Structures are given as structure tokens and as C-alpha cells.
Amino acid sequence: MKQLDADPRTDNLQQALEELETVYATAPVGLSFMDPHLRFRRINQLQAAMNGLPAEEHIGRTLREMLPQLADAVEPLLHQVLRTGQPLQNIETRGFTAADPHHEHYWTASYHPVRAKDGRILGVNIVVSEVTDRVRAQQELRASEERFRTLVEQASDPFFLHDEEGRFVNVNRKAEESLGYTRDELLHLTVPDIQADFDLPRAKQVWTRIRPGEAVTVYGRHRRKDGTLYPVEARITTCELGGRRLYLGVVRDVSARQRAEDALREPRQYPRPGFGA
């Protein structure tokens, strides 16, 4: 009986898969290989865990069978790589899997064509990293910043957010009104520009001692755009936004209070006792 010759395409595919096998077991990222029919031929344990199904259940089954919620987003990418032979790098995908069907997850994936020696495309190698925690942290940061902006804009007192060098990062409308500058003008200024007799090195010593959740009260004089000065009381606390340590100053004009205190300190004039003028 004549023995059938081995299909060279099968040999090439097997060789390519064996070369990938050594890195699959130890890679710190999800790895899988799909043939031109978008069937899983190899998958590592990390990728299988992301999908929420055992690795052996993937083999021979299509992407749509295993990950129906992601198929509409991922299949066009795989077809593009198979059609053009060009890789796709760092494509972000989001969706649900059997691992966590009730919460949306996020992944960054790269898709690389796997070729035979004669140049034919045998399939697509996929490298996946889950970035759910990072994306959620970024979303929470944006939400926190939005809440902060809303709070600042609705405040009845001027708010000044500045960095460790005294450069303004954000101000509210009340800050503009109190000093006579536009927001854009203030964002090009620093604390020394608006505060008379300001000692930056000394202020830095005070700022660095402020711990999260604490605040210090300082007094000084602000200088308006027209050059006039007025006394202020500033409540300063620290916060972290975007990985930067920043300082938030809530400032109050105390001109009226100072005038009242000055009046109390002045000797009062009483009429002399007597009768008549």
C-alpha cells in the first residue's frame, strides 16, 4: 500500500507551533495561535485564565465559539492580518468573558502573522495583556478630577491649585474675580506673582510638612492685577493628581474682618460728662 506523502503545509505549521511552544509555558502575557479559520491551535494557561475556560477546551474551536462577546471586535482584526500580512500592535479591546461575565474588562493585544518558509501565512499569533486595573484607575482618576472641578467651580471662595514650585495648575472663577486676571493669565503665573512679601523657600518648608488629610492656615496679602493689595487668609492642604503632589489653597479676603479688628484696637472717644453743650 502506497504511503501518503506528508503535507508540507502541515509540516511547516507543526514546526512553527513547536517553536512557539517553549515560550508559551513561561510568558508573563497571554499567548495564543489561531489558524486561518480562526481556530485555536495553541493557547497558554494565562490566556485561558483570562478567558475563563480551560486551555484544552480552546483547541480546535473558533474564537466565536469560545469568546462570542468579543468575536465581533476581534475577528475583523484577525482577518486584516491574514489578508495583509501586516501585524497590528497594541490594539485595545474591551468586553466580557466567561472569567467575569458581569464586569467589563480591558485588554491590549498585538496580532502577528506566522509565516511558512515559502512566505505563506499559516495563522496569527496573539499576545494579550490585561489592563483592566489600569483603565479603571484612569477612569476613577478622571471621575475624581471632574468631581474636583465641579466642587472648585461651585465654591464661594477662590481656589488655587499649584505645584511644589508655586506654579498654578488650576484656579476657579472666584480666583479670577478676586485678582482681576483671566484663567489663562493665572495659569502663566506663580504664587510669588500674586502674593506680596512671599518667601518661596520658606513656603516650601511649610508645604512639605503638610500631610494628606491635614491643612495649615497662613496669612498674607494678595496683589491684584491693578497692583492693589488686600489681606487674605489661606487654608492650604495637599493632594495627589496624576501622580503629582499638588497644593490646594482656599483663600478668603479678610479685609472687612481686619478693619473691624483695627477699629476695636483704636481708643474710643467718649463725650465728657456734664450738662448741656
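Is strand S1 (residues 30-34) mostly covered or mostly open, and how many of its residues are buried?

Strand S1 is mostly covered, and five of its five residues are buried, where buried means under 20% relative accessible area, exposed over 50% and partly exposed in between (1.4 Å probe, protein chains only). Gly-30, Ser-32 and Met-34 are buried on one side of S1, and Leu-31 and Phe-33 are buried on the other. The model is a predicted one, in which local features need pLDDT of at least 70 and side-chain atom pairs count only at pLDDT 80 or more, whereas totals for chains, interfaces and linings use all residues. Residues are numbered from 1 along each chain as its sequence is written, and side-chain values use heavy atoms, with hydrogens and water left out.

S1 runs antiparallel to S5, to which five bridges join it; Met-34 stands opposite Val-124 in S5. S1 also runs antiparallel to strand S2 (residues 40-43), here through three bridges, with Phe-33 opposite Arg-42 in S2. Two strands are taken as paired if DSSP finds at least two bridges between them. The hairpin of S1 and S2 has five residues between the strands, and Leu-38 takes a positive phi near 60° in this hairpin.

## Overall composition

The protein has 11 helices and 10 strands; helices (H or I, at least four residues) and strands (E, at least two) are DSSP runs numbered from the N terminus. Of the 277 residues in the protein, 37% are buried. Among contacts (heavy atoms within 4.5 Å) with a separation of 6 or more, 43% are between residues 24 or more positions apart.

## The five-stranded sheet

An open sheet is formed by five strands in the order S7-S6-S10-S9-S8, with antiparallel pairing. Strand S7 (168-171) and strand S8 (215-223) stand at the edges with a single partner strand each, so one side of each is left without a neighbour in the sheet. Neighbouring strands of this sheet are turned by 30° against each other on average, direction ignored. Axes are lines fitted to C-alpha atoms, for helices over the stretch in contact, and angles run from 0 to 180 degrees between N-to-C directions. S8 pairs with strand S9 (residues 229-241) in the antiparallel sense over nine bridges, and Val-216 stands opposite Ile-236 in S9.

Two helices pack on this sheet. Helix H10 (residues 200-208) touches strand S6 (159-162), S8, S9 and strand S10 (244-253), and its direction makes about 105° with that of S10. Helix H11 (residues 255-265) touches S8, S9 and S10, and its direction makes about 130° with that of S9.

## The largest pocket

The largest pocket has a volume of about 480 Å³. On a 1 Å grid over the protein atoms alone, a pocket is an open set of points with protein on both sides within 12 Å along at least five of seven lines, a cavity is a set of points where a 1.4 Å probe fits but cannot get out, and lining residues have an atom within 4 Å of a point. Grid points are joined across faces, edges and corners, and a volume is the space filled by probe spheres set on the points.

The pocket is lined by 24 residues, of which Gln-195, Phe-198, Ala-203, Val-218 and Tyr-219 are the closest to its centre. S6, helix H9 (191-194), H10, S8, S9 and S10 each supply at least two lining residues, and S8 gives the most, with five. The lining divides into 15 nonpolar, five polar and four charged residues; Ala, Val, Leu, Ile, Met, Phe, Trp, Tyr, Cys and Pro count as nonpolar, Asp, Glu, Lys and Arg as charged, and the others, Gly among them, as polar.

Gln-195 is placed in the loop between H9 and H10 and is buried, with a relative accessible area of 17%. Leaving aside neighbours within four places in sequence, Gln-195 is in contact with Gly-220, Arg-221, His-222 and Arg-223.

Tyr-219 lies in strand S8 and is exposed, with a relative accessible area of 56%. With neighbours within four places in sequence again left aside, Tyr-219 is in contact with Val-232, Glu-233 and Arg-257. The C-alpha atoms of Tyr-219 and Glu-233 are separated by 4.7 Å, although these residues are 14 residues apart along the chain.

## The cavity

A search of the whole structure finds one cavity of 30 Å³ or more. The largest cavity has a volume of about 220 Å³. Its lining comprises 16 residues, and Gln-47, Leu-67, Leu-70, Val-74 and Val-128 lie nearest its centre. Helix H2 (45-51), helix H5 (68-84), strand S3 (88-97), strand S4 (100-115) and strand S5 (121-130) are the elements that give two or more residues to this lining. By class, the lining has 11 nonpolar, five polar and no charged residues.
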